[in-house]
Amino acid sequence: MFEINRREVSVQAKRPFEPRMEADSWARYKSVMCKIIWVIYRTKQRPQEERPPYAMTSTQTRYWKGFTKACRQYQATREYQATLAAKEDREEWGVSSASDSVGSSTSEDINKQIKESQGSCRGMCLRFIIAMLDHSLGDHQYDSVLISTLAVMGVRDDGGWQNALDYTPVLSAVIKVARIVVLYHVYTERQAEIRTIMEEKGINEADARQFGTSMFARTRQYIHTFMTRTGKEADESPSPMDWMLETRTYGMKIRFTTTAGGVIDWIGDQVIFRRIRFTMAELSGFMHAVLQEARNIMAELTMCGSEGIHALPVIVWDDVYDDNSNDAVGYTFIKDDRNTPWVEKGEGYIKRQLVQCKQRRKAWLHRPDADNQQTSQPARHPYREKTAREYGRLLDRFREKLLILMHMVSGQPARATEILTVRMENTANAGARNIFVSHGQMCFVTAYHKNFQQSDQVKIIHRFMPPEVGELLVWYVWLVLPFWQNVQGIIKRSTFRSAYIWADEITSRNAIDQAVDQDMRFSSQQDIQDPERPTEPTMQPFREAKWSSDRVRRIIQQHSERLLGCKLSTSSWRQIAIAISNRYLGTKHDPSYSGENGEDEDGIDDVSDARDLQATHTSHVAGMIYAREMQQGLGGTAIMREKFREVSREWHQFFDFGQEGTSRDGVQGEVTAATQQRRQRNKFESSRQSVRLRRLEALRQVDISAMLECIKGKAATFRPGQRKVVGAIVRGESPVVQITPTGGGKSMSFMLPAYCSQQGRTIVIVPLVALQEDIHGECIKHGIEASIWNSKTGVHQGSRIILVITEAVFTAAFQHFIQRLQNQFAIDRVVVDECHTILDGSDTFRPALRDVGREIALWGVQRVFLTATLRPTEEKEFYTRAHINAKSVVMFRGQTTRRNIRYRVVFVEGEKNASDKYSAQQEAEDEKAMEMARDWIKENKEGRVIIYASTVPRTKELAKVLGVDAYYSKAGSREEKRRRMQSWMTTKRLIVATNALGLGINVSDVRFVIHVGLPYQVRAFAQESGRLGRDGRQGTSIIICKAMKGQQGFTQEAQSVRDEEMVEYIRGTRCRRFVLDKAMDGRIREGGCQDDEEMCDVCIRGGHVQESSVMAIRHIIGPESITNEATDEERNATDHDREHKRRRIEENRAIQVGGALPRAPSPDGEGWTFGDDEEKAPEEQVAEVQETSMEIYMQERDQEFAIWKESERIRDNTLLTEIFERQLASWSEGCIYCRMTSGEDDHEGSCPLEANDKGVFEGIERGVKQGGFRGN
């Protein structure tokens, strides 16, 4: 292999030839050689004057004719085979043809002829390629058929010449294939010679190999003749290989000495490389998404269960030792004696996890009694091979993600061949390991061999990993790998364990393993007495994919397309990484340091330290020889190691890694005062901050009315008070507290600014899953990129709104996510929706609600609090819990009660003689509620009904009796809750719920809400009754409870847990709106319900309404004519108000041209004129400019949203594809028959069910052959 890799006759190759390649690489290399054959064939068909000026030698002509003749013979044989196959098919079905009498050859004869013709084609093609290579160049290099053909392949489709970058890979492919062909040719010649010697001398193969010409001698002969550069001998003449080597060297010289054309462009912090474009925040998000996926897989590999990686043994980095200079075979930092105390804690960790769980034991281990009885075969090992293979695929997925993280986050990217050769322990043949621990930080070291022949120096490169990646690597080497090596060793009967992180085979069989197997087979044959004794089942081998540069490229492409939205590759990432480093990092090294040689160009040492010179050596010698620390290892100097560490640290900070140092005990991060000070000096920090300031400044100038029209249509206007709130938010005022009635458009207060903000993030904290789903749907409906936080998958990179449940705010994953966004200056604001729930949190009930105010106050961004029910008496406590200074609050308070809701209370009495009066009262209330709900649904074809109950058991019982779904906090998974909501909104129209359905659910056509029993809090009642009539139409709220007068009906305890206002509301001594306004808004209304409000039952009894309204309340829902009349009046008023506002906006608005967003009116009132528009009135010019600007902006936003949706679809589809591939792989290894019949497919050996039903299959087979199924 060294000899075939020789490039010059007199210079020995420094490393052996490596013929192994990935399948697609080999296909790509072969295609180049195939193109050469195609060009020759096509040019031979042309007239002499149109051919390239090559001249084939007699040897080349002979082999070419033989090759083309063999190809024609092969083609004819294949055509005859197809004709024969068609004839056999016709005979089988009883159909004859006139051509069937032709020929008498059998299929076996045809197959034999095909194999012979294939062998002839290969042999002739091999000899022709050798003849092309063995062609001495005479007067002109284009006399060579190979060089002329390569010249033709150097012409582009447009007639121009290929550049050096595109053409040198073609030469490399031909050179490598030529070496492989020569090796194969030498091998076939040697094998033929050995066979001849064995026949002539009558000796065995081992003795025959002592005679004749060895493979090395033959290889050297070919190499010296035509496979190297021309030497210094006078009689040597150049060959095509000499021309290709020299031309490739010249092309590479051109490539690396000529300034390349520009390929990188920047728009803000968005990098553009050809068709690839993304922002730095998206790139960082991509890295963290891969990290999270790797952590999830690590949790599966270590069988941690629901606790995830937090259940793994802690790595105390201060106690991790490593002797970098120890070159003993098999040494790794895990085996260092000083690490024994913490390493022992993890020994056998996964085995313990496996044994302790019954489900895992069943999946992994054989059942000795049941399995052996079923298969009648002894088990070779305790593991189920199907489960083991699934584990192996999972481990491969982890190694893919680990490779991405180590390759892209640890510093400037290494070459794929370098990172794939990383070893975790010293080996006898491969040399020293590459994985080290240096001062509590994992690093890997590679040797950079580029230009080695020119400089005779190997460059030692250190790349340090961030703590998050380092701990994954340690867990893999410490916990996972020993377990998997043990499992594979037992199943495969192998003892050799690879030292490579990305080994093709983690365990493999060596010569000793094969000898042991041979002895066992021989002894077992001697022991077998019974011919019917079952043989030992054979194992299907583990099919492990090869790790190569092409696989690295595909891994990066697949993950980047799914998580980043564009395909990165190893080459494109190298370009982009260097561009990022030049723009944002730019590590400043000592300018006086010119290299590790310690000398300038004249050989004068001018950079050594004076103390080193006093010790009679240079600083370079001091670093390489004297007083080297154990942590320095066997290559490189301490100076360069620390410089590499600084470069890696800059990349960690750029990607926002190393920020979790305080999240888990023992995991060392980098967040110290010193590093924070250094970070402030990084260019990317100031760049991110300036981007945020520009973003917020642009938001302040936005025309929010125009943006509202973009979202909701041309006729959209702000609801009462809504414009002031949105204006305060876009101006950056904080904290903002908005108290608006249900259905008042609170969500638009954060959706509109998020829609206008470019690349900024809005964090929306919600208390309920249902509310989270509802807001997400509204955002997507209005074209706003929104994602729901998921601890396993994170969020989509381009999301402008991120929705998160209150409890998830305090998880480590979300805390790290927020810290990353803060480092990127990407958070515009945090919104707490239904913020009144902060008052409900306690030590025993959802403490996260109580603490969320303190948490978000630490984020240092704008805070917005939204609710419909915050009582004035509770404001002080709310400010305290939300950590708000009352003096700085920007408060917007609206009226809680809504004009279109009818408020009623219905009293019922339970059976007076019942033994359990409480249960009897509850039954009476339930019966009344069910009766009213059924009657309403029967009488009304449209609209929805909600029945609220105070307890989960009561909710479930009511739903069961009514035959509908029950909705409560623990009703099931998120998917199950979504199904129940969807069922309510589509088919059943009725749902029974607790207060879990009481917050923010935006279903517009809820017409009837029933409270069974007395609500405890007026705040909760206002929220739940606020589900009614969100489309502006009438709705009815009814409370069904026990009748009472004065204090009757309440015990002292019952009164203490209920609001006094709720008790007053039930008594009905005053207008129910009066009670609600006083309790919720602190507003004292004059009199009862007004003329433009739906009357409550108290005001009806007081005679404040007409008889028609009395009848309407009596029948719950009044005549349609009244509803339509009220609706028409309301619409007329709304249309008039909307038209007035539109005219006012058109008169005052002026849109600036050239900005990214439509802007608010200019203070100087200047208009714009363009060409022919000068004669138009200023108002017309402004209107046209405004309309054009709006159209352009809406098109841009629609395009952005479409791109976001498409990338989200790709991400979801890729996840589904991965799941499907894993399931398909699992199915492919099971028994198809058992899966189809019994659903079980985990047996090994022969199928017990198939043997029993063998007759069934034979009957089906006979039916098919007899044509019984023909025509079906």
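Here are some questions and answers on how the terms apply to this predicted model.

This is a predicted model in which local features need pLDDT of at least 70 and side-chain atom pairs count only at pLDDT 80 or more, while totals for chains, interfaces and linings use all residues. Residues are numbered from 1 along each chain as its sequence is written, and side-chain values use heavy atoms, with hydrogens and water left out.

Q: Why is W364 called buried?
A: Buried means under 20% relative accessible area, with exposed over 50% and partly exposed in between (1.4 Å probe, protein chains only). W364 has 5% relative accessibility, so it counts as buried. F483, with a relative accessible area of 4%, is buried too.

Q: What makes W364 and F483 an edge-to-face pair?
A: Rings of Phe, Tyr and Trp (its six-membered ring) pair if their centres lie within 6.5 Å; planes under 30 degrees apart are stacked, over 60 edge-to-face, and the rest tilted. For W364 and F483 the values are 5.6 Å centre to centre and 70° between the planes, an edge-to-face aromatic pair. W364 lies in helix α12 and F483 in helix α17, so the pair ties together parts that are 119 residues apart in sequence. Helices here are DSSP runs (H or I, at least four residues), as are strands (E, at least two), numbered from the N terminus.

Q: How many aromatic pairs does this rule give, and what is W266 paired with?
A: The count comes to 23 aromatic pairs. One of them joins W266 and Y584, edge-to-face at 5.6 Å centre to centre and 80° between the planes. W266 sits in strand β1 and Y584 in helix α20, 318 residues apart.

Q: Why is strand β17 described as largely enclosed by the rest of the structure?
A: Six of the six residues of β17 (residues 944-949) are buried, so the strand is largely enclosed. R944, I946 and Y948 cover one side, and V945, I947 and A949 the other.

Q: How do you know that β17 pairs with β20 and with β19?
A: Two strands pair if DSSP finds at least two bridges between them. β17 and β20 (residues 1006-1012) have six bridges in the parallel sense, with V1012 as the bridge partner of A949. Four bridges join β17 to β19 (residues 990-993), also parallel, and there I947 stands opposite V992.
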